[in-house]
Amino acid sequence: MKLLRARLLSPATRGGLQDLPDGLLALDEEGRIADVGPAMDLLQRFAGHPVEDLRPWCLLPGLVDLHTHLPQHEAVAMDGQELLPWLETFIFPAEARFAEVEVARAAAARFFQALLRSGTTLAVVYSTVHEAATEAAFQEAQRCGIRLVMGKVMMDQHAPEALRETPALSLDASARLCEAWHGCDGGRLAYAFTPRFAPSCSRELMRGAADRAERYGAYLQTHLSENLQELDWVRELFPEAESYTDVYRRMGLLGPRTLLAHGIHLGRQERDLLRETGAHLAHCPRSNAFLASGIMPLRRWMEEGLSVGLGTDVGAGPSLSMWAEAAFACMASKLRWAERRNLAAHLRKRSEAPGCGDVVALIDPEAEAPLTPAEAFRLATLGGAKALGLEDRIGSLEVGKEADLVGVDPQVVDPLPERAPESAERLLSRLLYRERPGMVKRTWVRGKVCWKAP
Ligand SMILES: [Zn+2]
């Protein structure tokens, strides 16, 4: 039995936060949480076992990044374009370099270290179209101990020749990788069939991906409704479909193991489809701001019962920090709310204008209440775990769960480091908004230390 003493802070399964200012976490030999509670109680129960006293650190459940791109890690911050030209100008050339397997292997090692260093214990990742590069990346993940869901990107149209495959080759390579890695090491590594997005995939490729994912019980991931030009293009390419989401429904891609990045511009029927099929959204607000795609109506989507987690979407997102992503999710929702409130107030002042009341009702700022740091933290942990069907295994500090943990020193982000311990909400707010290098001290996956501050 391994005993860790620290402040313990976690989302509670039934809602709200669980905060133990002087807590003890008991980990068994398999890296599961055997007990959790106030140190004063548990120290007696486990008398005789050595205790590692980590105070004043705070232990939280490891962060879950629901959407990011390995080959784009070294092509971040390429500003100046919206989605489609940005892909052509910066991203496809960066991905083409992964044809060389040793380039891919070295990049994967750096990428996983950067994730662990920022407290992310589980990432859902797009590799490139290259089978060998994806294989090398899985080998690196196996070695470094991170929890990973990853897939080889699938593209058979509207992509540069170097990145374009035939449907048969793409499906066969994906199936081989899935057979080798899905469920590996007790489920620590998993496979996601990864058709990039509707414009770069033929109907045959998308149907084949859905079929293989079902056959292997693997995940499926793709992008949905990010940018208005992209929406126009999808409408042109798939005139038979009623909406972007309906394209994926027709291809059999929607289900409880499906992860869809973005989902900003969704009509009511599309949201109904997502709820009915149990598909999940990865909200990536920094990427959406960077590519000027828009601000997802996160509060509405959550109130309507859509399943949402958070993703960094590197390289449109500037870093792999889920702290910064969660903080930006709060700020983006505040901006959305404030803009709508300001516009409604402006229109009300001119209420003599015909139809003004209708417009104000449509804007409805009250339906867009800003996200709180505690809610953002829940999305970044338990929300991601739920989207992957892993909420019984990870996402919070509860007995029986696997110990994926991040240890942070809250004094590093406090302008008054000697201040008395604060409420859980205040502490979380500071950790998200003021995240900085040196804050994360240690990262554990399944009870094993995978990264340690030098
Ligand atoms: Zn993406």
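How much area do domain 1 and domain 2 bury between them? They bury about 1,600 Å², and 60% of it is on carbon and sulfur atoms. Buried area here is the accessible area (1.4 Å probe) that two parts lose on being put together, summed over both.

Before we go further, a word on the model. It is predicted, so local features need pLDDT of at least 70 and side-chain atom pairs count only at pLDDT 80 or more, while totals for chains, interfaces and linings use all residues. Residues are numbered from 1 along each chain as its sequence is written, and side-chain values use heavy atoms, with hydrogens and water left out.

Across the boundary, 19 residues of domain 1 are in contact with 20 residues of domain 2, where contact means heavy atoms within 4.5 Å. Leu432, Arg446 and Trp451 supply 33% of the area that domain 1 buries against domain 2, more than any other three residues.

Three salt bridges are counted between domain 1 and domain 2. A salt bridge is a side-chain nitrogen of Lys or Arg within 4 Å of a carboxyl oxygen of Asp or Glu. Asp404 forms a salt bridge with Arg147, with 2.7 Å between the closest N and O atoms.

Cys450 is also worth a visit, in strand S16 (residues 448-452). Strands (E, at least two residues) and helices (H or I, at least four) are DSSP runs, numbered from the N terminus. With 14% relative accessibility, Cys450 counts as buried; buried means under 20% relative accessible area, exposed over 50%, and partly exposed in between (1.4 Å probe, protein chains only). Leaving aside neighbours within four places in sequence, Cys450 has contacts that include Leu116, Cys144 and Trp444. Cys450 and Thr121 are 329 residues apart in sequence, yet 8.9 Å apart in space, C-alpha to C-alpha.

## The zinc site

Which residues hold the protein donors of the zinc ion? They are His67 (NE2), His69 (NE2), His223 (NE2) and Asp313 (OD), lying 2.1 to 2.4 Å from the ion. Donors are N, O and S atoms within 2.8 Å of the metal (3.2 Å for Na, K and Ca); water is not among the atoms, so sites may look incomplete.

Along the chain, the donors follow the spacing H-x1-H-x153-H-x89-D. Distant parts of the chain are linked here: His67 sits in strand S5 (residues 63-69) and His223 in strand S10 (residues 219-224), 156 residues apart. Both His67 and His223 are buried.

The arrangement counts as irregular because the four donor atoms subtend angles of 87 to 170° around the zinc ion. Four donors count as tetrahedral if all angles lie between 85 and 135 degrees; four count as square planar and six as octahedral if opposite donors are over 155 degrees apart and all others between 65 and 115; anything else is irregular.

## Backbone details

| Site | Feature | Angle |
|---|---|---|
| Arg55 and Pro56 | cis peptide bond | omega about 10° |
| Val314 and Gly315 | cis peptide bond | omega about 10° |
| Ala77 | positive phi, not a glycine | phi about 65° |
| Asp313 | positive phi, not a glycine | phi about 45° |

Pro56 lies in strand S4 (residues 51-61). Asp313, one of the zinc donors, is in the loop between S13 and H13 and counts as buried at 4% relative accessibility. Ala77, in the loop between S5 and helix H2 (83-96), counts as exposed at 51%.
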